[in-house]
Amino acid sequence: MTLHLHDTATRTTAPFTPVREGAVSLYVCGPTTQGAPHLGHLRTFLSFDVLVRWLERSGYEVAHIRNVTDIDDKILVKSAEAGAEWFAWSLRFEREFQDVLDRIGNRRPTYEPRATGHVPEMIELMQRLIERGHAYADGAGSVYFDVASLPTYGALTRQSLEDMQDAGEEMEPGKRDRRDFALWKAAKATEPETASWDTPFGRGRPGWHLECSAMSRKYLGETFDIHAGGLDLRFPHHENEQAQSHAAGYGFAQRWMHSGMVTVDGLKMGKSLDNFVTAADALGEHPAAAVRLALVGGHYRATIEYNTTAMREAETVWERFSATARRAAEQLEGAPIAAADLRAVELPQEFVAAMDDDLSVPEALAVIHREQAALNTLLAARGGADGAQVAEGLGRLRAMLDVLGLDPLGEQWGGEAGAAGAEHAALDALISAQLTDREAARAEKDWARADALRDALTAAGIRIEDGQGGARWTLETRD
């Protein structure tokens, strides 16, 4: 099976053929740096981090562009309320985004351009649109896109122009139609002078949509493979991006991919519902690897649920993956495969088929669980496990988890694979002492005491497995 990916525009899943053989050009809408990152941001960027990892594992060279919207209405308003310079406010949260994404194992993109660094490209695009009859300047510094001039406007979201009563921005004095959207916004006396640039149309600043069309063309060309982002961006942002790029005569994105939403305790996340979860909240309460697993474990197009039960399960699964990898590595006297060499490991065909089927991570995880169970059985074999088989099993387990950004023995999670390092070591010492007492009781045929020790561990959420090499423990799922 070849790689199949879903296209939001056509609502079909079809074989993926890149514009240029052997290479993939990907543009992902990045953060607007008005405030701290939240779970929705993490879900989007992690979804397409897995896409990049799978494309590279499949042999493609990937050019991954993720922009930073470092100026817009909300940034100006919030920075003013805080008494901060808008550019300092924006940079603060840009750095916070990057720190959080590094912490959760999200690979950095090939380029990460800022909107404010691409004003010349935006001016060029506006001039082209005006010349082609698809945009107009209002004479006061603003430039608008004429949605009625493009017959295919609304194609991405399958809406007709007649149905878009209030689809555009607020009606401004210079607009010809309420549905027209701003390419460029005239400078306002109430805004800092540093937040505007001189153009042939007057002094002002970018509209939200213009930057992505200008930057995707600069870094990926007039036609590129995939445009991705969160589902909430389909309208108006992505619809408007496509309209202005097509109106300029560019092929633009050949496929659209959108990640699903995050609900918290069954409800859409929102500050008004008091269920808004920031990245800092999630990472302060749970191991970063478990947060990553919870956010990538569902299908990228599906809505995923974030709650205490889901996170407890993710923590348990992550600990089991880590424990199996550590146990195998110990038996081999160290990890036999460097992280850089994992791509040479042959992946199970069922795993490949799942990932090639529009990144079906739930099915891929089912294969990982089966491989983990098989490796555990091998490690518990009487008479000792075959070293070569253990090495092969560990290699497959790590290689599959690496595709999801979760290799327990890799550079990102090596320290966390021990369930928070020192904490795990302390817990291991306490439990090992209990297991030693239990083994002594069994040797003395004091079955009541042995059972009592095991029951106490079980009640504490510790799962005990007896094998040829002695008893081993893992954390059990607690409901």
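Helices (H or I, at least four residues) and strands (E, at least two) are DSSP runs, numbered from the N terminus. This model is predicted: local features need pLDDT of at least 70, side-chain atom pairs count only at pLDDT 80 or more, and totals for chains, interfaces and linings use all residues. Residues are numbered from 1 along each chain as its sequence is written, and side-chain values use heavy atoms, with hydrogens and water left out.

Two strands pair if DSSP finds at least two bridges between them. Strand β1 (residues 4-7) and strand β2 (residues 12-15) run antiparallel and are joined by four bridges. His4 has Pro15 in β2 as its bridge partner. Four residues lie between the strands of this hairpin, and Arg11 takes a positive phi near 60° there.

Next comes an open sheet of four strands. Its order is β4-β3-β9-β10, and the pairing is parallel. The strands β4 (61-66) and β10 (252-259) stand at the edges with a single partner strand each, so one side of each has no neighbour in the sheet. On average, neighbouring strands of this sheet are turned by 25° against each other, direction ignored. Such angles use axes, which are lines fitted to C-alpha atoms (for helices over the stretch in contact), and they run from 0 to 180 degrees between N-to-C directions.

Look at one pair in this sheet. Strand β3 (residues 23-28) runs parallel to strand β9 (residues 223-230), and three bridges join them. Tyr27 stands opposite His227 in β9. Helix α6 (residues 234-247) packs on the sheet and touches β9 and β10; its direction makes about 175° with that of β10. Contact means heavy atoms within 4.5 Å. Pro236 has its place in helix α6. The peptide bond from Phe235 to Pro236 is cis, with omega near 5°. Most residues other than glycine have a negative phi, and most peptide bonds are trans.

Now turn to another open sheet. Four strands form it in the order β5-β6-β7-β8, with antiparallel pairing. Here β5 (135-137) and β8 (204-206) stand at the edges; each has a single partner strand, so one side of each is left without a neighbour in the sheet. Neighbouring strands of this sheet are turned by 20° against each other on average, direction ignored. Three bridges pair β5 with strand β6 (residues 143-145) in the antiparallel sense. Val143 in β6 is the bridge partner of Ala137. The loop between β6 and β7 holds Arg158. Arg158 is not a glycine, yet it has a positive phi of about 55°.

What lies across this sheet? Helix α4 (residues 119-131) lies across β5, β6, β7 (181-186) and β8, and it runs at about 125° to β7. Helix α4 also packs against helix α5 (residues 210-220), at an angle of about 105° and with the axes 9 Å apart. That makes α4 roughly perpendicular to α5. Angles under 35 degrees count as roughly parallel, over 145 as roughly antiparallel, 65 to 115 as roughly perpendicular and the rest as oblique. On the α4 side, the contact is made by Glu121, Met122, Glu124, Leu125 and Met126; on the α5 side, by Leu210, Glu211, Ser213, Ala214, Arg217 and Lys218. The residues of this contact divide into five nonpolar, one polar and five charged. Ala, Val, Leu, Ile, Met, Phe, Trp, Tyr, Cys and Pro count as nonpolar, Asp, Glu, Lys and Arg as charged, and the others, Gly among them, as polar.

Helix α9 (residues 308-331) and helix α11 (residues 361-379) pack at an angle of about 40°, and their axes are 10 Å apart. That makes α9 oblique to α11. Residues of α9 in this contact include Val317, Phe321 and Thr324; among those of α11 are Leu365, Ile368 and Asn376. The contact of α9 with α11 divides into seven nonpolar, five polar and two charged residues.

Finish with Asn376, which lies in helix α11. Which residues does Asn376 contact, leaving aside its neighbours within four places in sequence? They are Thr324 and Arg327. The side chains of Asn376 and Thr324 make a polar contact (2.9 Å). A polar contact is a pair of N or O atoms within 3.5 Å; within protein, one must be able to donate a hydrogen and the other to accept it, and residues adjacent in sequence count only if both atoms are side-chain atoms.
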